[in-house]
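Dear colleague,

Please find below the sequence and structure that I am handing over to you. A summary of what was found follows directly after them.

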Amino acid sequence: MRRREFVAAGALGLAGSALPGGLSAAVRSPRPSHAQLAWQRRELALFLHFGVNTFTDREWGDGTEDPRIFDPSALDARQWTRAARAGGFRTVILTAKHHDGFCLWPSRLTRHSVASSPWRRGRGDVVRELADAARNDGLRLGLYLSPWDRHEPSYGSGDRYNDFYCAQLEELLTGYGPVTEVWFDGANGEGPNGRRQAYDWPRIHRVVRRHQPHAVIFSDAGPDIRWAGNERGEAGDPNWCTVNPAAVPFPGASGDQVTSALLHGDPDGTAWRPAECDVSIRPGWFWHPAEDGQVRSVDNLVDLYLTSVGRNSGLLLNVPPTREGLLHPTDVERLAGFDRRRRVVFDADLARGTRVVSRSSSRDGRALDLELALPRPVAFDVVSLAERIELGQSIDRYAVEHWDGGWRPLTEGTTIGHRKMDRVAPVTAGRLRVTLTSRRGPPRLAGLALHRLGASAGPGAGS
Ligand code: FUL
């Protein structure tokens with residue numbers, strides 16, 4: 001029996017901590033790139049759906065919208081980035097072009113853009129204003145450029161549209177400084193001529209790699225970040241960062257097997273492709289006045305955090321600007337409340353100072369039992385585990401028990417990954433036992449933390 005210090009930091013981003021089983025050689029399996037790892041550690045990104053739909057009160061424009069309807073009366077991108085920052089978000093991702101084809105920057109390739117609108121007398125550029133605001137507030141910029149374009153006449157023509165799309169992408173990736181995430185939506189319907197487009201994905205990806213080599217590329221089919229399989233903010237459980245690329249061959253592929261592959265990944269997968277959960281703070285993606293009373297509560301946002309980040313995924317929360325070009329005060333207040341609640345709950349690691357009092361592993365090293373002693377008994381209702389994913393993801397079973405005259409189960413599951421946060425029935429405990437098994441090599445646990453969330457009023461509750 002050996003005694004060791006168990007480093008269990010509140011933030012659990014324990015890249016450097018020396019923990020049981022941490023550094024032994026593992027069989028080589030897919031690992032995150034530097035950009036993917038940094039992406040996963042940022043955890044939270046804010047999505048901004050804005051465009052002609054904001055003014056027509058629709059979710060999907062059909063491409064016939066008159067650009068003159070785009071006229072936000074008080075657009076202030078700093079208000080967006082300040083609210084994002086106050087919410088603890090690290091990246092802002094803007095719909096530079098949604099399915100209606102209207103461009104929020106003055107694209108040289110079409111007149112269907114802010115340049116044909118009365119806003120800033122046709123000299124405005126929302127992408128520029130957001131890029132500047134993000135830089136000022138220390139946030140990263142991501143851009144969504146809808147492949148499906150219901151306005152562009154060349155859509156559905158094959159190469160001609162691919163030329164057009166790649167040229168638009170190039171404008172965005174060369175004109176606005178560093179772009180951290182490029183977001184390719186899977187929706188692919190008919191264009192103005194009734195045809196669907198065959199996208200040249202390898203070429204599109206090459207454009208991103210050439211101009212923004214440090215950006216991650218998101219789509220259902222990656223290649224860097226995958227869609228989590230639903231728009232409810234719920235990653236799968238289990239959720240592997242590894243995937244079998246053939247299971248989701250292209251963005252927009254559908255079917256039960258595709259959904260399952262997106263939700264769960266694949267323990268034997270050959271590519272590292274963590275999941276991102278996109279979900280809106282309101283029922284719709286765009287702002288609709290009728291939804292001002294349906295903004296998610298702080299409790300509900302914390303629930304989303306647990307089902308996304310707490311399941312080894314990123315959370316991309318959509319907060320849509322209004323017709324004024326501002327985030328609605330209710331949404332701004334919820335973002336700040338979300339951050340406050342996370343700080344109170346998750347910055348306080350009740351397991352701080354916990355020590356490993358015994359440690360035993362199986363002969364092959366793939367199973368590990370740890371007994372932990374807390375400095376004093378604490379009351380908690382969330383158990384948070386973290387795996388050292390820079391070396392790959394490998395833990396495939398865990399169980400946590402507490403001592404109460406015998407070992408009593410607290411929680412158990414399969415994958416951990418960057419973070420696994422489980423709500424448990426409120427309990428007070430001073431001794432814990434953690435049992436882990438790993439598919440390859442020893443389990444590389446990065447940390448364990450305990451938190452007290454208290455009663456949650458659940459979805460729909462007020463702030
Ligand atoms: C979907 C789109 O059709 C929605 O309008 C929204 O942009 C969402 C994030 O992705 O595929």
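To begin with charge, the protein chain carries 60 positive and 55 negative side chains, and 7 Å separates the centres of the two sets. Please note that this is a predicted model.

Regarding overall form, the C-alpha atoms occupy a box of roughly 75 × 45 × 35 Å along the principal axes. The radius of gyration of the protein chain is 23 Å, which agrees with the value near 23 Å that a compact globule of 463 residues would have.

As to the interior and the surface, 60% of the 463 residues are buried. The protein chain exposes about 18000 Å², of which carbon and sulfur atoms supply 48%. Among contacts with a separation of 6 or more, 78% are between residues 24 or more positions apart.

The protein chain is divided into two domains: domain 1 comprises 3–30 + 349–451, and domain 2 comprises 34–346. Their C-alpha centres lie 34 Å apart. Where the domains meet, 23 residues of domain 1 are in contact with 25 residues of domain 2.

One local feature may also be of interest. Helix α1 spans residues 34–42, and its buried residues are Gln-36, Leu-37, Trp-39, Gln-40 and Arg-42. In an α-helix there are 3.6 residues a turn, so residues three or four places apart point the same way. Just after α1 comes Glu-43, which takes a positive phi of about 65 degrees.

Yours sincerely,
A colleague

Definitions and conventions. Residues are numbered from 1 along each chain as its sequence is written. This is a predicted model: local features need pLDDT of at least 70, side-chain atom pairs count only at pLDDT 80 or more; totals for chains, interfaces and linings use all residues. Side-chain values use heavy atoms; hydrogens and water are left out. The radius of gyration is taken over C-alpha atoms; the globule rule is 2.2 Å times the number of residues to the power 0.38. Buried means under 20% relative accessible area, exposed over 50%, partly exposed in between (1.4 Å probe, protein chains only). Contact means heavy atoms within 4.5 Å. Accessible areas come from the Shrake-Rupley method with a 1.4 Å probe; for residues, only the protein chains shown count as cover. Lys and Arg count as positive and Asp and Glu as negative; His and the chain ends are not counted. The place of a charge is taken as NZ of Lys, CZ of Arg, CG of Asp or CD of Glu. Helices (H or I, at least four residues) and strands (E, at least two) are DSSP runs, numbered from the N terminus. Domain bounds come from an automatic or database domain assignment.
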